[in-house]
Amino acid sequence: MNLPSNPTKDVLLDAAERLFAAHGIARSSLRAITQEAGTNLASVNYHFGSKDALIRAVFARRIRPINGERLRRLDALEAEGTPSVSQIARAFVAPILRMMRDPDHTPQAIAQLMSRAFSEPGDEVRTILVAEFRPILERFTAAFARVLPHLSAEEIFWRFHFMVGSMVHTVTAGLLRKHFGPPGNPVEVEALDTDILEQRLVAFVTAGFSTAACGDPPEAGEHP
């Protein structure tokens, strides 16, 4: 059951998210966040208790719904039998792509926030993110390993890593599509259709996971 939202808590989370993305987490003081939110320091202490707890809440608010949907999709697939590589890939990439349709969510802002988090000095924020994403990494790499038993754990890890990179690039690189798309191809119009984006990305990721292991001889028709 979803708890009712608290307006003051929400404006603090919104303000902190904007400042973290724009200026970095370490450079965004509680005073700046409360000024941005139009509240006071006591409101942070009341709702979160500390800046560390506020940081954790900012990331959890964005990450957990996406990861929850990923796990729900994977659970549903595995309840029906052994999913294919493309079905597992779709379960992972679709939730964030479909969020692009929702005007209340901005995947670009989330990606910018993640980029800030991994470039911040210190390990506190990265520790938060690792805790949020580790269950997803473990569930999905295990699912891929079951349907691709000829690949080593290291090979599965790297392909998962490249899938994440492709997904983040797809979400954040709209400007590149606009300027470098092929002449006469309405890539910007297509980019607004998340179903087409999803089909293209799932096909790309599925091909990447399904190819021969690194170091194996190429199959007929493949270039070495």
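What you are looking at is a predicted model. Reading from the N terminus, the elements run α-α-α-α-α-α-α-α-α-α-α. Of the 224 residues in the protein, 38% are buried. Take the contacts between residues at least 6 apart in sequence, and 69% of them join residues at least 24 apart.

**Helix α1 and Glu17**

Let's start at α1, which covers residues 7-23. This helix has 17 residues and spans 24 Å from first C-alpha to last, close to the 24 Å expected at 1.5 Å a residue. Its buried residues are Leu12, Leu13, Ala15, Ala16, Glu17, Leu19, Phe20 and Ala21. Just past the end of α1, Gly24 adopts a positive phi of about 95°.

**Where α5 meets α11**

Now for a helix pair. Two packed helices are described by the angle between their axes and the distance between the axes. Here the axes of α5 and α11 come within 9 Å and cross at roughly 140°. As for handedness, α5 passes α11 in a right-handed crossing.

Here is who sits on each side of that contact:

| Helix | Residue range | Residues in the contact |
|---|---|---|
| α5 | residues 85-99 | Val85, Ser86, Ala89, Arg90, Val93, Ala94, Leu97, Arg98 |
| α11 | residues 194-210 | Thr194, Asp195, Leu197, Glu198, Leu201, Val202, Val205, Thr206, Phe209, Ser210 |

Sorted by class, the contact of α5 with α11 has 10 nonpolar, 4 polar and 4 charged residues.

**Ala203**

One more residue to check out is Ala203, found in helix α11. Is Ala203 buried or partly exposed? With a relative accessible area of 48%, Ala203 is partly exposed, because that class lies between the 20% and 50% cut-offs. Ala203 and Ala89 are 114 residues apart in sequence, yet their C-alpha atoms are 8.9 Å apart in space. Ala89 itself is one of the α5 residues that meet α11.

Definitions and conventions: Residues numbered from 1 in each chain as written. Predicted model: local features only at pLDDT ≥ 70, side-chain atom pairs only at ≥ 80, totals over all residues. Heavy atoms only, no water. Helix = DSSP H or I, 4+ residues; strand = E, 2+ residues; numbered from the N terminus. Expected span 1.5 Å × (residues − 1). Buried < 20%, exposed > 50% of the residue type's maximum accessible area, 1.4 Å probe, protein only. Axes fitted to C-alpha atoms, helices over the stretch in contact; angles between N-to-C directions. Left-handed = near helix turned anticlockwise from the far one by under 90°. Contact = heavy atoms within 4.5 Å. Nonpolar A, V, L, I, M, F, W, Y, C, P; charged D, E, K, R; others polar.
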